[in-house]
Amino acid sequence: MITVEIRGLERTRARIERFWGRLKRVLKQVVRRQSRALTQYVKTRHLTGGTTSDRLAVRSGHLRRSTKPKRVSERDGQIVGGVEFGARYASVHVGPRGKRTTIRPKRAQYLAIPLAAARTAAGVARGGPRDYPDSFVVRTKAGNLLIMGHQTGSKGVVPLFVLKRQVVVPARVHPED
């Protein structure tokens, strides 16, 4: 029978545990730094500028302000970080290429999509259809329903909103990119 005795094993084990603890701290710092850089990249590349297939124009700025680096954590032996979008409607705009979200009205028969006369320069609606007291609905030759009314500071009647039963919004921020 052969007997093997290894001396100093406890000391070596303690060294490895100290090394692993330091390594985890350094890895967390790296992941934290990369998460911040990724968040900045997403904000400047995908949430600034005009609306394109992979960019979303800034309107109110809420989605961009709510985009933050994820808190770095350790799960199942992995160190995890990334970007999180705090706005409730972010899931409409963030997703894999080709993802489309259908939006339907919840408490009305139609969605009221604001047209230029009912929007600010940034593209945010100036209230809803009920905020225009002398408005009325017309059907165009193409079959669309328009809410017509008086624009603030305008003498004539202008189209304020188009009514739609639903709209389909494509995702513009693709995480895999």
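The largest pocket is lined by 44 residues, and Arg 59, Ile 103, Leu 111, Ile 113 and Pro 114 lie nearest its centre. A pocket is an open set of points on a 1 Å grid over the protein atoms alone, where a 1.4 Å probe fits, with protein on both sides within 12 Å along at least five of seven lines; lining residues have an atom within 4 Å of a point. Two or more lining residues come from each of helix 2 (62–66), helix 3 (90–93), strand 6 (111–114), strand 9 and strand 10 (167–170). Helices (H or I, at least four residues) and strands (E, at least two) are DSSP runs, numbered from the N terminus.

This is a predicted model: local features need pLDDT of at least 70, side-chain atom pairs count only at pLDDT 80 or more, and totals for chains, interfaces and linings use all residues. Residues are numbered from 1 along each chain as its sequence is written, and side-chain values use heavy atoms, without hydrogens and water.

| Pocket | Volume | Lining |
|---|---|---|
| Largest | about 1700 Å³ | 25 nonpolar, ten polar, nine charged |

Volume is the space filled by probe spheres set on the points, which are joined across faces, edges and corners. Ala, Val, Leu, Ile, Met, Phe, Trp, Tyr, Cys and Pro count as nonpolar, Asp, Glu, Lys and Arg as charged, and the others, Gly among them, as polar.

Helix 1 (9–46) and strand 4 (83–85) each supply at least two residues to the second largest pocket's lining. Helix 1 gives the most, with four residues.

Leu 160 touches (heavy atoms within 4.5 Å) residues including Ile 113, Pro 114 and Tyr 132, not counting residues up to four places away in sequence.
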